[in-house]
Amino acid sequence: MSTNNFPKLHNATWPGVVGKGPDSEPLIPIDTMLELTAAAEVDGVKFDGVDVGLFDPSIDINDPKEGAKKLADKVAAHNLVIGSLVAPIWGGPVLGSKEDRAVFIDMVRKACEYGQLLKEIGIRPYGVIRIDSASSPETWAKDPAGNTKLIAETFREACDVAADYGEKLAAEGEICWGGMHSWKTMIDTLVAVDRPNMGFQADMSHTLLYMLGYNSPEDRILPADFDWSDRAALDEGLKKMTAALRPWTIDFHVAQNDGTVHGTGSHDKTGRHCLATDPNGKLDIAKDAGYWLRDENGNLTKAFKHICWDGCMFPNEVMYKQQTWNDILAALVKVRDQHGWTE
């Protein structure tokens, strides 16, 4: 049995909210997500913490002081800590109006304030603030150069705000976000931002779609006639993509994907998250996580203190099963066994 105690193992609370709601299935309250997370156990190992989307109906980002204390009490009651936070920036698309961008910056500010309060309480020892452009690839494509510049300017302003709170911002690469919809456009955006407190949040499911060139065929890494049984080609593709994005990566989501896109409720189509045990999953989760957690020479990067499982848009029937979370925890334990360390 491995004695590694890093990276810490986190579950996400937002799968209870993302893709749920009026035009889909009912939301799953954060209290339920915390209960399911805390109850999961594999050979005596439990989750260390949760990453939190600051948009659950029970989280009011406009009341950070009371809200942070309430959230900290809830999480602490389950012997968990809090890591990365998701800023609810979608009401302020970067490629919208000047007013929209002001909303975006305001949401980043509120998320950073929330994060700082959680640190002061002592419940949040590590983690970043996650953002995206909140704009579609179609909007971005109307003026790639001009829109990349606009995203970079807005992200820089957000970085200035985050720096005041000692926070780092991580842009999650997803095929549904303009300027972040392919591995090349993501790097272009990060290079244009050029701030020490701006990085990349890699999600194993979303970045697999990068390799297939969804929403950006010219940037696909795997050949158009790619056969999933060709593991050697997949390994080469993963090496190429992670070599380019790993130096920027400051936050990491362990996930599975069956090579397709999916969307539910109001969420745009993006990489389909699969269960850790899904036989259609195209990734060898523990092995392929190593491409992100180790450099090209096989050395651990130790670039972040925790890793988080992200599995959005699963049916509620699946989400309410305790076995689902035990299987997910088992997948994370395997990642840590193979690519973890002791402190």
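This note goes through salt bridges in a predicted model.

1. Overall count. The structure holds 19 salt bridges. Side chains of opposite charge can pair when their charged atoms come close.

2. Arg 109 and Asp 106. Their side chains form a salt bridge, with N to O at 4.0 Å. Both residues sit in helix H3, which covers residues 98-121. They are three residues apart, about one turn of the helix. Arg 109 has 34% relative accessibility and counts as partly exposed. Asp 106 is also partly exposed, with a relative accessible area of 27%.

3. Lys 119 and Glu 167. This salt bridge has an N to O distance of 3.3 Å. Lys 119 lies in helix H3, while Glu 167 lies in the loop between helix H5 (144-164) and strand S5 (169-172), so the pair ties together parts that are 48 residues apart in sequence. Lys 119 is partly exposed, at 33% relative accessible area. Glu 167 has 2% relative accessibility, so it counts as buried; the cut-off for buried is under 20%.

4. Lys 239 and Glu 236. Here the side chains meet in a salt bridge at 3.4 Å, N to O. Both residues belong to helix H8 (residues 231-245). Because they are three residues apart there, about one helical turn separates them. Lys 239 is partly exposed, with a relative accessible area of 41%.

5. A network. Salt bridges also link Arg 130, Asp 132, Glu 172 and Glu 174 into a network.

Terms used
Residues numbered from 1 in each chain as written. Predicted model: local features only at pLDDT ≥ 70, side-chain atom pairs only at ≥ 80, totals over all residues. Heavy atoms only, no water. Helix = DSSP H or I, 4+ residues; strand = E, 2+ residues; numbered from the N terminus. Buried < 20%, exposed > 50% of the residue type's maximum accessible area, 1.4 Å probe, protein only.
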